[in-house]
Amino acid sequence: MANKPFLTDIKTLRERARKHIENGAVTEGYTADRETVVKLLNEALATELVCVLRYKRHYFMAAGINAESVAAEFLQHANEEQGHADQIAQRIVQLKGAPNFNPEGLLTRSHAEYVEGDTLTDMIKEDLVAERIAIDSYREMNTYFGNDDPTSRRMLEGILAMEEEHAEDLVSLLETMS
Ligand SMILES: [Fe+2]
Ligand SMILES: [Fe+2]
């Protein structure tokens with residue numbers, strides 16, 4: 001351990017890069033358990049897709065009850081969750097996995113739930129619950145990725161920060177409602 005060099009020498013790095021070039025971004029230095037990472041990212045993808053659907057439903061229903069500012073917030077969140085879904089799917093492909101967009105089982109793979117909610121307040125509360133679930137599950141995933149897959153971790157940290165903003169937005173909306 002004492003004599004272990006901090007960096008791999010250039011010759012070894014170059015040799016390793018030439019082997020299995022079909023693996024693209026996944027090099028021999030990738031120390032994470034790729035299958036588990038892809039499985040977790042697919043759960044995050046399902047979570048985002050369920051959130052898109054729930055926010056879309058809430059957007060159209062809120063627009064129907066003339067709550068324009070709340071509806072606009074729902075739509076913005078829906079679009080941002082769609083962006084997160086795309087980022088995650090892209091990363092799964094980079095890891096030589098396949099993004100799961102199958103509607104069958106979507107809710108089972110998702111950590112967040114799909115609750116329609118009858119009133120505007122119900123909708124906001126359900127969205128807030130879903131955001132809080134996403135926040136906790138992404139935080140756990142990031143701990144798991146750690147230094148073994150810093151790229152997935154950084155991506156999900158960015159998404160996590162946005163879910164925290166979403167939760168904050170929803171709390172403010174709830175406060176203005178009461
Ligand atoms: Fe999201
Ligand atoms: Fe969110």
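Is Glu28 buried, partly exposed or exposed? In this predicted model, which considers local features at pLDDT of at least 70 and side-chain atom pairs only at pLDDT 80 or more, totals for chains, interfaces and linings use all residues. Residues are numbered from 1 along each chain as its sequence is written, chains are lettered from A and ligands numbered from 1 in the order in which they are written, and side-chain values use heavy atoms, with hydrogens and water left out.

Glu28 is partly exposed, at 41% relative accessibility (buried means under 20% relative accessible area, exposed over 50%, partly exposed in between; 1.4 Å probe, protein chains only). Its side chain forms a salt bridge with that of Lys19, at 3.8 Å from N to O; a salt bridge is a side-chain nitrogen of Lys or Arg within 4 Å of a carboxyl oxygen of Asp or Glu. Lys19 is partly exposed as well, at 47%. The structure contains nine salt bridges.

A salt bridge of 3.0 Å (N to O) links Glu43 and Lys39. These residues lie four apart in helix α2 (residues 34-64), so about one helical turn separates them; helices (H or I, at least four residues) and strands (E, at least two) are DSSP runs, numbered from the N terminus. Glu43 is buried at 16%, whereas Lys39 is exposed at 51%.

Arg91 and Asp149 pair at 2.9 Å, N to O. Arg91 is buried at 8% relative accessibility, and Asp149 is buried at 1%. Elsewhere, Asp136, Arg139 and Glu164 are joined into one network by salt bridges that share partners.
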